[in-house]
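Q: Hey, could you walk me through this one? I'd like to start with the overall picture and then zoom in.

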Amino acid sequence: MTSPIAPDLTAGRMPAKPRAGIWRRLAKRRLALLGLVIVAVVVAGAILAPWLTGYDPNEQMFDGLTIEGSPLPPSAKFWLGTDLLGRDLLTRILYGARTSLIIGIVANGVALFIGTLVGVTAGYFRGWMGSALMRFTDLMMAFPALLLAICLAAVFQPSLWIVAMVIALVNWVQTARVIYTETSSLAEREFIDAERTIGASAPRILFRHILPHLLPTIIVWGTLGISTTVLLEATLSFLGIGVQPPTASWGNIIFENQTYFQAAPWLVFFPGAAILALALAFNLIGDALRDILDPTQRGRA
Amino acid sequence: MSGRTEGGVPQQTSQNPVLAMTPDRILTITNLSVSVRGEEGSREVVSNLSLTLSRGETLCIAGESGSGKSMTALAIMQLLPQPAARISAGTVHLGETELTALDERRMRRIRGDRIAMIFQEPMTSLNPVLSIGRQLTESIEAHTSLSPSQARQRAIEALKAVRISEAESRLRQFPHELSGGMRQRVMIAMALALEPDVLIADEPTTALDVTVQGEVLELLRDLQQKHGTSVILITHDMGVVAEMADRVIIMRHGRMVEEGKTSDIFARPQADYTRELLAAVPRIGSGAGRQQSKEIAEAAMPANVAEVNDLHVRFDLRGGILGRVTRRVHAVEGVSFSIAPNETLALVGESGCGKSTTAKALAGLVPYSGDIVVGGRNLSGLGRDERKAVRRDVQMIFQDPFASLDPRMRVGDLVAEPLVIHGIASKEERRERAAALFDRVGLSSDQMELYPHEFSGGQRQRVCIARALALRPKLIIADESVSALDVSVQARVLDLLKELQREFGVAYLFISHDMAVVENISDRVAVMYLGQIVEMGTRDQVFSNPRHPYTKRLIEAVPVPDPAQRRSRFARLDQEIPSATRRIGEAPLKLALSDVGNGHLVATEG
C-alpha cells in the first residue's frame, strides 16, 4: 500500500552512503562552494596578512594623507585607500580579519553552545530546573545587552579574549529561547516516548534524537550570529571597551570612520562589505549543511 | 452509464445530452482528472473519473489512503491545494452550472450555499477563537440578505436540527468547550443551515468514538431525508458504507474500480480489489483466524508476565492565583488485571477512558500509584537500573507509525537501538539480529539503510514491531497499533502479530477502540469506562454475553459491513460521557467487580 507521500520501494535504489564525504557533497553545491571559497580567502588573508601587504597596519604614513589632511581614495599605491590617520585600509582589513574571525567564530560559537545547552536542558527536563533556567534567560534578555557588556568589560581588563567572552555571555539568550521552544515541542513527539519505552537514557535521547532535529535552527542562528557579534564587537570598540586601538577589527574600522562616510565612503564600504561577505559565506555553507545533514530531504528537490 | 457520451458527435460539445435528459441529476462529473505537480513531474491522483449524483441520494466514495477520494471532493469544491494540484481534464456540472469554468468569486457563492462540506477533524475545522454563534451566522449572512437577528434565529434552528440542547446558550460557547461529537454536529449544522443541494462529507465520523459515530450518522440520514439533500460520503470504513449508502463507488489509485448499488457491491462484488477490500474488513462475530478463545484455567497456569494491581493515574490541574491544585483528572482509577504468557488481553473503550494512560503507566511513561508487577518483580520497589532491566520485558508499539520513529535515523539503526541501549551483543551481531528481525516482519534486510519517510504506513508499523521484538520482550503493548492503517494493511499486520505470538510466546496488551479488531485478535477483553474497568472476561464471554450496559452499547454501535443488516436506529447516547476531571476531595465512586461465572467480571451499579 503506497500512500502518495511514501515513494514506491519496489524500484531497488541503492542506499546512498550517509557521510560519504560531507565535504564532497558540499563542494557539489555551487552556492556552498562559493561560501567555502569566501571563508577560505578570509582565513588565508588573516593568517598571511604580514606577507600579503608591505605596510604595517598601525603605521601612520605621511603620504597616506592629502596636504589638507584628508584620507586618500583607492589608488595603485593604496589599493583600498587610506584612513583618517593615513594608514593603509587594505592592511588594516587583513589584520582586522584576525580579530573579527575570532569574535565571529569563537564568541559566536560559545554563545551558540551555551544557548543550545540551556535551551535543550530547560526544554527537555522542564520542572523547576527548566523554569529557573528560562526565567534567568528572560532576565538576561530584558537586561540591556550593551550595559551588561560594559559592566563586564569594566570589571575585566579589555583584551580580545575577554571581549569574545563578554560577547558570548550577551548573545546566548536568543538562541536559548528559540532552542527551548523547539525542544519542548520535540519532547512531546511520539518517537521520544518510543525511545523512552526501549529504555533510552536522557543523554541518549537528547544527543542522538533531539539534537539532530535542532540542527537547522542552530545553523541558522549560528550564521545570523556572525554578523551580530562582529557588529557588537565594533560597538564595544567604539565605546572604548572592546579591542583597544590601534589594533584593527572590521567593526572598529567602521566605527572610527563612520562620521566621514560622505567624504570618504570607501572607509565604511570595504570593511562593511567584508562583514557582509563573511556572514553570507557562513549562511550559504549553513544552508547547504542543513540540507545535506537532513536525511528526510534526500531525494527531494 | 454515467456521463460518457456515445459516438462522440462534435456538435454536442456545448450541450450535454445527459444533463438534458435527466433533470433529477444534481451533480455530474465527467472524465475528471486531477494532477499534482511534484518533484518528478506531475502525477495523476484522480484519473478519468465520471459519476452522477441524483437528488436525495447518498453516494459513498470508498477506498484506502491514496485512492484519490478526498481529492475528488476537493475538486468538486474547487478547493484543491494550490498551486500543486489542479484539474487537468474533465468537467463538474452542478445542475446546469459548469463549476470548473467558474472564477473564484462566483465559486465562493456556490460553496456553502449550494454545496457544503464537512471535514474529518472537528477539532481543527472550527476556528478556536470565534464563538459557535459567530461562525454559524457568518456563513448565513454571507449567503443571504438576512438581518443579524434573523441570521441568529436561523443559526438557533440549525443547532436544534442537529439535536443540540440549549441552542441559544450554545451560540456563545467556543469550540474547545464542546466535545468532539458536539463539534461535528455544529459542523453539520453549519453545512446544512443554508439547505445546500449537495453535502460532501469527507470521513465525517473517522475521528469520533463509535457510539458518537452512530449518532452522527443517524443524524445525517435524518436530515437528508427531511431536506432531500444529496450526500457524497467519503469513507474508508466499509461498515459506514453499508449503513449509509444508496450507491457505492470503490476507488483505488485515483481510478474507479467498481460502481453499483450498495446491496450489489456487498453481495456480488465484481472487481478483485472490492472482494479483497471486503474480505479484509474485520467483522464482529466472525472471530476470523483466531483459535477458540482459551479457557481461563489453561491460561492462568504459568506465572503471569505482568500484573497490574489497583493502578491509579491522576493528573493535577492547577488554578487560582496561587497555582494550587484545584482539580484532578482521574485518568485511571483502580485498574487491576493480569496477563499470562502467550495471551492477548484487549483493553477497549472510547477516547478519554484511560486505556492509553494505563498503557503508558505500564511502559513507564507516566507516574502512577499502585502496583505493577512484571515477571514477578514489583516495579515501584526497584532502583533505576533494575527497573530498566525489568522494563526490557515490556515493549510498546504506538498508534501512529509516522510519528513514533525518529525521522532522522535509519530504520536499521532504529531496530538495533534497543540492543545498543541494553548493551546486548557486538556490533556485528546486532546488525545480524536486526536483519533477521527485518526478514521476520516481512521486510527485506536491504531496506535497513533507508529512512522512515521512505516507507509506507504499513511498512513503518512493521519496523515498529521489529523494534519492539528486538529485546525479546515477554509483553508487547500495542496502543491502537493498527488504527491508523488501511483495512487491507491492518489485516496483514494483525496476522503478523498473531504469527509472532505463536512463534515467540509473547503476550499482548492490545489497546483499541475498534470492537471488530478486538474480537479478531483477543483472548480476553477488558472494557474501560471513565478510568475503570466495567467488564472483563474471555472474548466469548464479553462478545456473546455482554453484561454491562456500556459494553452492550459499544458492541451495538459498531457499523456492520452488511447492508442487509442495516439498523433503523443506532444506539443513541442518552447524555454526553461525563468528564474525568474532578475537584479535589471528590473522588469518583469506585466500582466493584463481581464474578458472574467462569471469571467473567462485571461492575455492579450503585
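This is a predicted model: local features need pLDDT of at least 70, side-chain atom pairs count only at pLDDT 80 or more; totals for chains, interfaces and linings use all residues.

Q: Good to know. How many helices and strands are there in chain B?
A: Chain B has 21 helices and 23 strands. Its radius of gyration is 26 Å, close to the 25 Å from the globule rule for 606 residues, so chain B is as compact as a globular protein of that length.

Q: What box do the C-alpha atoms of chain B fill?
A: Roughly 80 × 55 × 50 Å along the principal axes.

Q: And what percentage of the residues in chain B is buried?
A: Buried residues account for 47% of the 606. As for contacts in chain B between residues at least 6 apart in sequence, 70% join residues at least 24 apart.

Q: Switching to the interface: how many residues of chain B are in contact with chain A?
A: 37 residues of chain B, and they touch 27 residues of chain A. Elements of chain B giving two or more residues to that side include helix 14 (384–391) and strand 16 (394–397). Helix 15 of chain B gives the largest share, three residues.

Q: What about the classes on that side of chain B?
A: There are 14 nonpolar, eleven polar and twelve charged residues.

Q: Last one: where is Leu102(B) found?
A: In the loop between strand 5 (97–98) and helix 3 (104–110) of chain B. With 16 other C-beta atoms within 10 Å, Leu102(B) is partly exposed. Gln78(B) is 24 residues from Leu102(B) in sequence, and their C-alpha atoms are 9.2 Å apart in space.

Note on methods:
Residues are numbered from 1 along each chain as its sequence is written. Chains are lettered from A and ligands numbered from 1 in the order in which they are written. Two residues are in contact if their C-beta atoms, placed from the backbone, lie within 7 Å. Helices (H or I, at least four residues) and strands (E, at least two) are DSSP runs, numbered from the N terminus. Ala, Val, Leu, Ile, Met, Phe, Trp, Tyr, Cys and Pro count as nonpolar, Asp, Glu, Lys and Arg as charged, and the others, Gly among them, as polar. The radius of gyration is taken over C-alpha atoms; the globule rule is 2.2 Å times the number of residues to the power 0.38. A residue is buried if 20 or more other C-beta atoms lie within 10 Å of its own, exposed if 12 or fewer, and partly exposed in between; C-beta atoms are placed from the backbone.
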